[in-house]
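Some labels in a structure description rest on cut-offs.

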Amino acid sequence: VLSVAPAYVGNSGGGLFRYSKERNGFELIAVIRALVIGRFGPVPHVVLSISSAKIHDFLDKNGYGFIVK
């Protein structure tokens, strides 16, 4: 997942959230993986993330799906 969100070095592993009007609160949609590195260094407002669906699949395949159900 490529997103525009404020992040910087050391934020890897942190959550990427969105506001859900249906749930009246924030929900985790991804986990930050890396910053985009531009010509002059990190671009702190463009981040690469792993989607929550991929995380759920990984947990299911490795016997830990019960954690998120």
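The questions below concern a predicted model.

Q: Why is Asn-24 called exposed?
A: Its relative accessibility is 61%. Exposed means over 50%, so Asn-24 counts as exposed.

Q: Why is Ser-3 called buried?
A: The cut-off for buried is under 20% relative accessible area. Ser-3 has 14%, so the label buried applies.

Q: Which residues are in contact with Ser-3, leaving aside its neighbours within four places in sequence?
A: Ser-3 belongs to strand E1 (residues 2–4). With those neighbours set aside, Ser-3 is in contact with Leu-16, His-45, Val-46, Val-47 and Ser-49.

Q: What makes the pairing of Glu-27 with Arg-18 a salt bridge?
A: The closest N and O atoms are 2.6 Å apart. The limit is 4 Å between a side-chain nitrogen of Lys or Arg and a carboxyl oxygen of Asp or Glu. The pair Glu-27 and Arg-18 is therefore a salt bridge.

Q: What makes the pairing of Glu-27 with Arg-23 a salt bridge?
A: Here the closest N and O atoms are 2.2 Å apart. The limit is again 4 Å, so Glu-27 and Arg-23 form a salt bridge. In general, side chains of opposite charge can pair when their charged atoms come close.

Q: How many salt bridges does the structure hold, and which residues are linked in a network?
A: The structure holds two salt bridges. Arg-18, Arg-23 and Glu-27 are linked in a network.

Q: Are Glu-27, Arg-18 and Arg-23 buried, partly exposed or exposed, and why?
A: Glu-27 has a relative accessible area of 14%, so Glu-27 is buried. Arg-18 has 47% relative accessibility. Arg-23 has 62%. Exposed means over 50%, so Arg-23 is exposed.

Q: Why is Pro-6 called exposed?
A: Pro-6 lies in the loop between E1 and E2. Its relative accessible area is 81%. The cut-off is over 50%, so Pro-6 is exposed.

Q: What separates the C-alpha atoms of Pro-6 and His-45?
A: They are separated by 4.6 Å. Along the chain, Pro-6 and His-45 are 39 residues apart.

Definitions and conventions:
Residues numbered from 1 in each chain as written. Predicted model: local features only at pLDDT ≥ 70, side-chain atom pairs only at ≥ 80, totals over all residues. Heavy atoms only, no water. Buried < 20%, exposed > 50% of the residue type's maximum accessible area, 1.4 Å probe, protein only. Helix = DSSP H or I, 4+ residues; strand = E, 2+ residues; numbered from the N terminus. Contact = heavy atoms within 4.5 Å.
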